[in-house]
Amino acid sequence: MTHGSRSPRRLLRRLIAPITVSVATGAAAAVQLIAGAGASSPNVLGVLCVAVLSAGAAVLQVLPGGSGRRPWAWEAHGLTDGAASPLPPVVGGGVNAAVGAQEMPAPNTLPPSPRLVGREKALRAISAAVDEARNDNRLPVVTLHGQGGVGKSALAIRYAHDVQDDYPDGVLYVDLRTALKDTEAALAFLLRNLGATRPPAGLAERIAAYLTLLARRRVVIVLDHAKDERQIRPLLPSSPRCLVIVTRREEFTAIRDASVSSLAVDVMDREDSLELLADVAGHELIAADPQSAYKIVEGCGGLPLALRIMGRLVRARSYRPLSWHAARLHDERQRLKVLKSGSDDVAASIELSYAELGERSARAFCLLGLLVHGHVQFTFRSWTLAALLGTSVEDAESLLDELVEKQLVGVAVELPYVRYELHDLVRAFAEQRLLATVDQESRDAAWERLVWGYLRLAAVARAAIDHHGALTPQPEYGGLAVPDHVLADVVLAEQVGRDGVRWFTWEYPGLSAVVKQQHDARQWETCWRIAGAAARVAGLFSSTESWWTTIEYGIAAATRADSHLGLGQLELGAAELHRAAGEMAPTADCLDRSVESFEQAGDNYGKAAALRSRADTLRVFGWFPLAEQTAKEALEAARAAQDAIGEARAQRHLGFVYISMHRGAEAIRCLNEARVSFHQQGDRLLEGRTLIGLAAAARVERQFADAIAYADRAEVLFRDLRSPIDESAALHELGHVYLDAGQHDDAERCLQEALHSYRGLELKLQVGRVQRLLSWLRVAERRYAEAVSEANNALAVFEQVDSDYWKAQAQWCLGAAELADGQAASARARLTDVEAVFHRMEADWDRASCLAQLARAQLAEGSADDAGRSLVTAVTVFGDLGARRDAAEALRSFSRAARGRRGRRIVQQVRAEARSVLE
């Protein structure tokens with residue numbers, strides 16, 4: 001092997017003497033010795049010259065036993081293996097002599113240590129990153145990134161103070177936003193603090209000297225407000241004995257040849273924010289008015305810079321009540337003006353990021369200021385910006401990537417679809433820039449595009465829910481012409497169409513803000529149409545104040561626009577919310593108005609939907625004959641509208657009415673017809689709901705194996721569809737099946753799970769219904785005191801929803817528990833009242849079952865004649881319903897309870913009178 005092919009590492013083993021010469025006498029003699037030692041290859045010679053000119057200790061880092069890493073200066077300035085050295089010879093006593101290095105105390109240029117609140121977790125994360133690098137014998141480089149004012153600098157400075165005892169050779173802080181943003185100036189500053197009184201003139205010479213002086217030292221270097229990788233790479237030492245902490249708004253995706261730990265610094269949570277505010281303002285001032293203090297915290301959005309400014313203002317103006325400060329902060333017109341104190345200025349901090357944006361990104365950011373509306377906070381998807389700009393979703397995503405990188409837009413939800421959010425103070429800044437840089441005509445045009453975007457996608461989502469999975473090619477807009485340029489993105493429409501419920505869940509806050517704005521702007525048509533699309537699905541969600549507000553705005557707009565179609569849709573939505581709250585009378589009133597409005601509009605499709613809702617409401621509240629009649633009217637209206645899916649839905653509702661009337665065979669026929677139609681249409685949600693109905697119908701027919709299979713299938717399907725309300729309904733029915741089948745442990749498990757879910761969803765009526773079943777379960781388990789407790793819980797719920805039928809159901813449970821516990825007189829009185837309610841409401845099966853129990857209570861109390869009359873009536877009613885099996889079971893139960901000659905005589909009398917029923 002020739003000398004020219006030798007690697008630099010092998011040659012360096014032979015060149016310790018020349019390197020030593022370079023330290024003692026300068027570089028010229030050393031270079032001559034290197035050439036004579038066999039470094040004939042230009043590549044090898046170039047590398048070794050650079051090593052020599054880096055002088056001594058820095059070169060030792062690449063010798064065997066050193067760190068094995070190349071000095072950062074090589075690649076930072078293009079000094080690759082083939083490059084000629086740009087460094088002039090250093091004459092005299094090596095680098096130390098050349099730069100005038102002197103012995104001096106360990107430097108410390110850190111600002112005072114800040115007091116931190118709520119950053120313990122972040123400090124631990126930095127320590128863990130440093131330890132990991134140390135364990136791998138790497139230079140620890142920790143970068144902290146986050147939006148302006150979030151406290152990155154304070155965190156870095158505090159950590160440097162905490163660990164300075166571990167770095168006896170100094171702690172150096174460089175603010176790269178000042179005059180030191182120039183790399184040469186920063187190096188000169190660092191060299192002087194390391195003892196070099198005469199820093200070299202050139203950049204490369206300063207890098208070499210810097211690396212040399214740090215080679216054997218343990219120093220912390222804080223590089224604050226870094227701009228980019230190019231700025232900081234020359235400032236990174238080679239030695240793993242040092243520590244570097246970098247702060248920057250954007251995250252470093254990579255630093256070439258460096259192993260970097262990148263840590264995000266986020267805003268503070270509510271309690272830590274309050275603690276920081278109190279720490280600055282004074283705990284007594286904050287404790288005096290906690291409500292106003294929390295409003296200040298909310299207005300600051302957890303941003304430490306804003307909290308510190310407000311804390312100082314509160315302390316300086318302690319003569320003002322805290323509520324005054326909170327009110328000023330929540331005035332959107334002056335919020336950013338308030339958040340300024342001395343050199344601390346939230347708006348100026350945001351301006352630094354905004355100033356770095358390109359023209360299109362800046363315009364995109366400004367238009368996001370249109371999303372400011374009251375104090376409504378909502379996340380948004382890329383389609384929102386696409387609509388505002390009148391561009392493609394792909395282009396909007398590219399712009400959003402830059403805004404996220406600049407910490408002006410945050411990523412709220414990453415999967416399955418990315419959603420974005422603006423910090424409140426950033427949003428306020430965006431609105432200010434919008435008013436200053438975008439003319440009124442452009443603002444109006446952008447807002448109009450957004451409104452049409454909501455209208456289009458709300459129609460798509462509603463259609464997806466109405467026809468679950470069967471996306472209509474052109475959603476209905478009621479005759480309005482949707483501009484061609486408004487979100488023609490087919491992929492986006494398909495995404496929305498695949499999960500309309502999720503779209504409304506995520507987009508509702510923004511949608512409600514748009515509805516309010518359109519109402520305030522007297523844009524009645526678009527206001528009621530967007531509200532109407534939302535109203536059609538309102539019943540799928542918990543009854544919240546915002547849903548009511550949206551529907552009220554829509555009703556007002558539809559009234560102004562004289563739109564019967566709009567009133568029909570919105571009254572139907574209001575009815576769904578009333579029913580979810582368990583309010584029978586308002587539900588009925590809204591449905592009556594909805595049916596009337598659809599009739600006036602000549603909309604049989606809407607009329608059928610309103611009639612279905614009315615039928616279901618009547619069924620749920622116990623008015624079964626009226627529910628049957630209304631469901632049949634809905635079926636006829638759907639047929640008149642040639643609406644096959646509406647017809648199947650009406651069949652499903654009719655089937656559920658038959659279940660409540662204990663006409664199981666008829667229910668199974670209707671539900672099977674509906675299920676086939678839903679399956680053919682690909683409507684999985686309604687197919688699943690129909691499976692729940694089939695489970696209930698099979699339970700009524702005492703086909704328990706089939707019932708369990710149906711309910712299990714429904715539960716799995718709803719879990720896959722991510723529909724918690726329907727999944728809870730499947731568990732509810734499954735628990736009912738297990739209860740009737742005598743499988744008490746399984747019934748307990750399912751009912752408790754359903755109860756927990758219903759409570760979380762705030763569905764009062766459903767909570768009471770499950771508690772009623774738990775009461776019956778306790779009776780079956782002979783745990784009578786617990787049965788009474790569960791029944792009373794259910795009764796309290798049913799009194800809240802004001803339902804006579806369900807209150808009677810809870811009283812029936814109490815009567816059954818009292819009868820089983822030997823309290824015959826109390827049970828008789830209670831069951832007599834219950835039977836009267838069922839009789840009045842024509843709930844015949846419930847009445848007959850209650851009469852059978854009343855007969856046993858009367859017999860136990862000694863009223864044999866009354867018992868006989870009650871039992872005969874019960875068996876007769878069962879017979880009229882075609883429920884011979886139930887009639888026979890009522891007679892058997894009475895026979896088991898009857899004692900003595902008188903009881904047997906009553907049984908014989910009833911058998912004789914009801915022979916035709918029993919046979």
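Contact here means heavy atoms within 4.5 Å. Helices (H or I, at least four residues) and strands (E, at least two) are DSSP runs, numbered from the N terminus. The model is predicted: local features need pLDDT of at least 70, side-chain atom pairs count only at pLDDT 80 or more, and totals for chains, interfaces and linings use all residues. Residues are numbered from 1 along each chain as its sequence is written, and side-chain values use heavy atoms, with hydrogens and water left out.

**The chain as a whole**

- The chain has 47 helices and nine strands.
- Of its 919 residues, 55% are buried. Buried means under 20% relative accessible area, exposed means over 50%, and partly exposed lies in between (1.4 Å probe, protein chains only).
- The accessible surface comes to about 38900 Å². Carbon and sulfur atoms hold 48% of that surface. Such areas come from the Shrake-Rupley method with a 1.4 Å probe; for residues, only the protein chains shown count as cover.
- Take the contacts with a separation of 6 or more: 68% of them join residues 24 or more positions apart.

**Nonpolar cores**

- A nonpolar core is a set of buried Ala, Val, Leu, Ile, Met, Phe, Trp, Tyr and Cys residues joined through side-chain atoms within 4.5 Å.
- In soluble globular proteins, nonpolar side chains tend to be buried together.
- The largest core holds 136 residues, and V346 and L511 touch the most other members.
- Helix α24 (residues 440–466) gives the most to this core, with 10 residues.
- V346 contacts L303, L305, A306, I309, L336, L339 and L425, leaving aside neighbours within four places in sequence.
- A second, separate core has 99 residues, including L731, L751, W806 and A855.

**Helix α38**

- Helix α38 runs through residues 744–761, which makes 18 residues.
- From first C-alpha to last, α38 reaches 26 Å, close to the 26 Å expected at 1.5 Å a residue. The expected span is 1.5 Å times one less than the number of residues.
- Which residues of α38 are buried? They are A747, C750, L751, A754, L755, Y758 and L761.
- Helices α37 (724–741) and α39 (764–780) are among what covers the buried residues of α38.
- E762 follows α38, and its phi is positive, near 60°.

- L329 lies in helix α17 (residues 322–329). Its relative accessibility is 0%, so L329 counts as buried.
- L329 and G299 are 30 residues apart in sequence, but 6.1 Å apart in space, C-alpha to C-alpha.
- Leaving aside neighbours within four places in sequence, L329 contacts I296, G299, C300, M310, R335 and L339.
- T690 belongs to helix α35 (residues 684–700). T690 is buried, with a relative accessible area of 0%.
- Not counting residues up to four places away in sequence, T690 touches R652, L671, A674, R675 and F678.

**Cysteines**

- How many disulfides are there? The count comes to zero, where a disulfide is a pair of cysteine sulfur atoms within 2.5 Å.
- C242 is buried, at 0% relative accessible area. C850 also counts as buried, at 0%.
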